[in-house]
Amino acid sequence: MDMMVLRLSRLFLVLAVGFVIVLAPLAQAWSKEGHIMTCRIAQSLLDPAASEVVHNLLPEYVDGDLSTFCTWPDEIRHRHEYRWTSPLHYINTPDDACTFDYFRDCHDQHGVENMCVAGAIQNFTSQLMHYKDGSSDRSHNMTEALLFLSHFMGDIHQPMHVGFTSDEGGNTIEVRWFRRMSNLHHVWDRDIILTSEKEIYDQNMDFFQEDIQNNFTDGAWSDELSSWIDCDDLLTCSTKWAEESINLACKWGYEGITPGDTLADEYFKSRFPIVAQRIAQGGVRLSMILNRVFGHQPCQPNHHQEILPAT
Ligand SMILES: [Zn+2]
């Protein structure tokens, strides 16, 4: 994490001067920026075969850029025909339990099983596994499955997307982010990312992404990559990722928060590295899934699997 430490120390100087944050309207999703970075990181790690399939599944006008559509599931979730997808963006866990139990927690408000972000990842991964079988109507459904999977791999890594039921993952916990009104969920969806963009990355998300990718090659994460993609069964690993999120939500999201609190420098500097790591993990794991379902890598684990493309 050397690069990030360097940039962070620069950040503290900036923070000491103080600044104003501009908030976006209330939203309930890992921000556009978080999703775009997750997808860009994933796409940069695809092997040539997986890369070609992804390219073929996307509309021609995006020229193979998966990130263009990574926020699409947020855009359509309130449309009548897609309203069923709304519960797929998150998981409600019992208040203060700080655990995720798939059979206890992965359902919608009516109790319909598998209707949560961990179930959605299973469902769309499983659909994509049939890509190679071929069928007459596969292309439309496969494109949607790819976009949903890519989006939900972002959401499941946003710690507050696996939060407590009564506060809707922090949505009802009003706080100030520096001087502006916000809520705890939104702080994690977007405020931390936008503050980092403004204060660390010269308003350029490309620098944030570069920072993350430098940490893969020669930073603190280079030794951890293989553990991030450790996944024996593609269809059950989403449970593990959801458990990580609720653990982080309890330890770093909810911890010490009282409604009405003002969150500022200290919260930002201690939580930003977690946000960066979750975006990185979402991207790395999305590439792992796509490489296994579309590429030459086996769907069963290969313990010598390489994560970074050969240079
Ligand atoms: Zn979402």
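A residue is taken as buried if 20 or more other C-beta atoms lie within 10 Å of its own, as exposed if 12 or fewer do, and as partly exposed in between, with C-beta atoms placed from the backbone. By this criterion, 43% of the 311 residues of the chain count as buried. The model is a predicted one, in which local features need pLDDT of at least 70 and side-chain atom pairs count only at pLDDT 80 or more, while totals for chains, interfaces and linings use all residues. Residues are numbered from 1 along each chain as its sequence is written.

The chain holds 12 helices and five strands; these are DSSP runs numbered from the N terminus, with helices (H or I) of at least four residues and strands (E) of at least two. Two residues are in contact if their C-beta atoms, placed from the backbone, lie within 7 Å. Among the contacts with a separation of 6 or more, 77% join residues 24 or more positions apart.

We turn next to the interior. A nonpolar core is a set of buried Ala, Val, Leu, Ile, Met, Phe, Trp, Tyr and Cys residues joined through C-beta atoms within 7 Å. The largest such core has 73 residues, and those with the most contacts inside it are Ile91, Cys116, Val117, Ile121, Leu149, Phe152 and Leu290. Helix 12 (residues 265-294) gives the most to this core, contributing 14 residues. When residues up to four places away in sequence are not counted, Leu290 touches Ala42, Leu46, Ala50 and Val54.

Helix 6 (residues 117-128) packs with helix 11 (residues 237-254) at an angle of about 155 degrees, their axes being 9 Å apart. Helix 6 is therefore roughly antiparallel to helix 11; angles under 35 degrees count as roughly parallel, over 145 as roughly antiparallel, 65 to 115 as roughly perpendicular and the rest as oblique. On the helix 6 side, the contact is made by Ala118, Ile121 and Gln122, and on the helix 11 side by Ser238, Thr239 and Ala242. By class, this contact of helix 6 with helix 11 comprises three nonpolar, three polar and no charged residues, where Ala, Val, Leu, Ile, Met, Phe, Trp, Tyr, Cys and Pro count as nonpolar, Asp, Glu, Lys and Arg as charged, and the others, Gly among them, as polar.

Tyr102 lies in helix 5 (residues 102-105) and touches both Ala118 and Thr239, not counting residues up to four places away in sequence. Tyr102 and Ala118 are 16 residues apart in sequence and 7.9 Å apart in space, C-alpha to C-alpha. With 19 other C-beta atoms within 10 Å, Tyr102 is partly exposed.

In the second pair, the axes of helix 8 (residues 184-199) and helix 12 come within 10 Å and cross at roughly 105 degrees, so the two helices are roughly perpendicular to each other. Trp188, Ile192, Ile193, Thr195 and Ser196 of helix 8 meet Phe268, Arg271, Phe272 and Val275 of helix 12. The contact of helix 8 with helix 12 has six nonpolar, two polar and one charged residues.

Asp63, in the loop between helix 3 (48-57) and helix 4 (72-76), has a positive phi of about 55 degrees although it is not a glycine. Asp63 counts as exposed, with 9 C-beta neighbours inside 10 Å. Glu168, in the loop between strand 2 (162-164) and strand 3 (174-177), likewise has a positive phi, near 50 degrees. Glu168 is partly exposed, with 17 other C-beta atoms within 10 Å.

Conventions
Axes are lines fitted to C-alpha atoms, for helices over the stretch in contact, and angles run from 0 to 180 degrees between N-to-C directions.
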